[in-house]
Amino acid sequence: MASETVLLGHGSGGQMMKRLIDELFLEHFGSPELLAGNDAGVAALPGTGRIALSTDSFVVTPQFFPGGNIGRLAVCGTVNDVATSGAHVRYLSCGFILEEGYPMDDLRRIVKTMADTAAEAGVRIITGDTKVVERGGADGVYINTAGVGEVPAGVELSGARCRPGDAVLLSGALGDHGIAIMSQREGLAFGTEIVSDAAPLNSLIAAVMEAAPHVRCFRDPTRGGLASTLNEFAAASKVAIEVEEDAIPVHDAVRGACEMLGYDVLQVANEGKMVAIVPEDEAQAALDAMRANRYGAEAAIIGHVAELPSGRGPVVRVRTGWGSTRVLDMLVGEQLPRIC
Amino acid sequence: MSAPAKTAPNIDFGAFRDPALVRGLIGRIERIVGDRPINLMEVCGTHTVSIGRYGFRSIMPTGLRLLSGPGCPVCVTANRDIDYAIALARQEGVIIATFGDMMRVPGSTSSLRAEKAAGHDIRIVYSPLDALRIAEEQSEREIVFLSVGFETTTPAIAASILEASERELTNFSVFAANKMTPPALRAIADDPETRIDGFILPGHVSTITGIEPYRFLVDEFSIPGVVTGFEPVDILEGIEMLARMVVEGKPRIENAYLRGVSADGNRVARELATQVFEPCDATWRGLGKLPQSGLRIRQEFARFDASQRFDVAIEPTVEPRGCRCGDVLRGRIAPTGCPLFGTACTPEHPVGPCMVSSEGSCAAYFRYREE
């Protein structure tokens, strides 16, 4: 970490955050479960097999946006992280940090949404905590959730298990959440309203696992977008990953907004999308299972895992419709709109 | 920001990305160029990014080089101007508002991002009108908008100053480092160390300027130019037209972006800019001092001119050692020709401004590099 103070970029989901995690948190907390580098830690619990545990904090502003609010994110984010391990997600905790003066009506709406989303996901919120800080000590409401589930015997999903030839599946169109937040935050209008995709994906994951029993891993491309997820997989598995740009679903309004703002849609956050790496011979079955799910209708096979040429580092490549290729990097720093 | 035409509902943008059309154009360019050496320069940062993203450099004929010019407003901002902004940010009671890309540009010893983390109040805005809103909300603070940009951005800055004047705001000012494109093109056309055979002229800037200001390229330097849009088919069409003019030895200024640019541009926007700004000599990073290439706020609006309002001490300018942003901006070398590229200088730890801005040549080359 070259920087002597925490910068916003340290929370972006890109390279700066990765370095902070690698060089500070992993250095001091480096349990084997954490070092596995997946979205949920999987560990043995005497007498009950293995559990998956994950936690996430939500600080989004605005707290209400097209397609949801911070409460829906707080449930979906943690449910999805636990589910990526292949666990049956069972229970959530939630901690609220509230700013003095926050409207009670808004808090009620958030809590109601959390209850509805938990019911939709089939999980129960079984413990919580509330703290109130002085005005100015927080920005309205922050929520932390943790989730736990049991990992069925024999399930060993990990980003380190990608093999050359595997297919890369994406459960739907990219960028809806990030652009919905951005347009709400900055008062930008893009003709068509862009709605956050926040959704619990544990049922979609379960369906894919049933259809493709040898699925290697899942990850939800949240902050840092598809670019971060694929680079994490490539690095963990020491492989190359190639995606076809034309195969990646993106809604027109999001594509237009990204061009206007100068964003790469492959680096924009999603809250209701899942990437799955699946052996080639199970790819079609996995795709069919995704598409049959209410949150996977636009799912697509977007690329494949490839052998790493000897002496080369892990890499993610994007191929255009006319045959040129480029490297797809993780986001650097925070995502900033361009200025001309 | 991009031209609004991009989101116009009645244009089918799929056609501008049609792979078959793209491949056809690439084939035509190959046949025109053959094995001739031709240097084309794109002078708009958005073109640099698009060419990178579409991977065009890797599939052009061997002799056809696409060089990136001084088209990123952040990149051409002089080190001293960044230092001035940093000095302003350190003033008690001042809120700095600026475009996001300015945050990470290294000055001589600091950056706005570092100053923000150190507790100074620096805010990212999307429009100078947002800075006006802050000024109204925080009447006890001084709001300074750091303005960089070319002809596309200047009218909006002018509008914000007129609006501030209308609302009689007394705590709003602008530090203007705005610049004009044609003088930079002249400097490059005139540079004995750079040989440019044709210019891919900026699409967005030309919506304001029209095509007249580029005539001197043909009249004085016999260099052709084509105003070009940003979709894959747009860019290849521009390249094809330029290649043909170069090969035939018949330089002209052409407009291939008819859906966005009219021959005489946007007169209303230009008048708005002229009402508030007047030309002045300006220092460009890499190009040095160019006569009548910058804009300063007219005396009539001096109360909104931060450089007249604040007398701050600026630290001595230190140019980053080994950084060749200047040569990159002039098209003397490609970003990959800089010894720091990708090693000491990366988007995470930029040494020079061309690695900072998303539209900077070095950042675009790094982001869309081939293996």
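What percentage of the 371 residues in chain B do buried residues make up, and how is that chain built?

Reply: This is a predicted model, in which local features need pLDDT of at least 70 and side-chain atom pairs count only at pLDDT 80 or more, while totals for chains, interfaces and linings use all residues. Residues are numbered from 1 along each chain as its sequence is written, and chains are lettered from A and ligands numbered from 1 in the order in which they are written.

Of the 371 residues in chain B, 54% are buried, a residue being buried if 20 or more other C-beta atoms, placed from the backbone, lie within 10 Å of its own, exposed if 12 or fewer do, and partly exposed in between. The radius of gyration of chain B, 21 Å, agrees with the value near 21 Å for a compact globule of 371 residues; this radius is taken over C-alpha atoms, and the globule rule is 2.2 Å times the number of residues to the power 0.38. The C-alpha trace of chain B spans about 65 × 45 × 40 Å along its principal axes. Two residues are in contact if their C-beta atoms, placed from the backbone, lie within 7 Å. Among contacts in chain B with a separation of 6 or more, 77% come from residues 24 or more positions apart.

Chain B contains 14 helices and 11 strands, these being DSSP runs numbered from the N terminus, with at least four residues (H or I) for a helix and at least two (E) for a strand. Two strands pair if DSSP finds at least two bridges between them.

One open sheet of chain B has 5 strands in the order S2-S1-S7-S8-S9, with parallel pairing. Its edges are strand S2 (64-68) and strand S9 (253-255), each with a single partner strand, so one side of each has no neighbour in the sheet. Neighbouring strands of this sheet are turned by 20° against each other on average, direction ignored; axes are lines fitted to C-alpha atoms, for helices over the stretch in contact, and angles run from 0 to 180 degrees between N-to-C directions. Within the sheet, strand S7 (residues 198-201) and strand S8 (residues 225-227) of chain B pair in the parallel sense over 3 bridges, and B:Phe199 stands opposite B:Gly225 in S8(B). Helix H2 (residues 45-53) of chain B lies across S1 (38-42), S2 and S7, running at about 120° to S1(B).

Another open sheet of chain B has 4 strands in the order S4-S3-S5-S6, again with parallel pairing. Strand S4 (122-124) and strand S6 (172-176) are its edge strands, each pairing on one side only. Helix H5 (residues 128-137) of chain B lies across S3, S4, S5 (142-147) and S6, at about 170° to S5(B).

Chain B also touches chain A, with 41 residues from chain B and 29 residues from chain A in the contact. On the chain A side, helix H1 (15-29), helix H8 (252-261) and strand S14 (325-327) each supply at least two residues.
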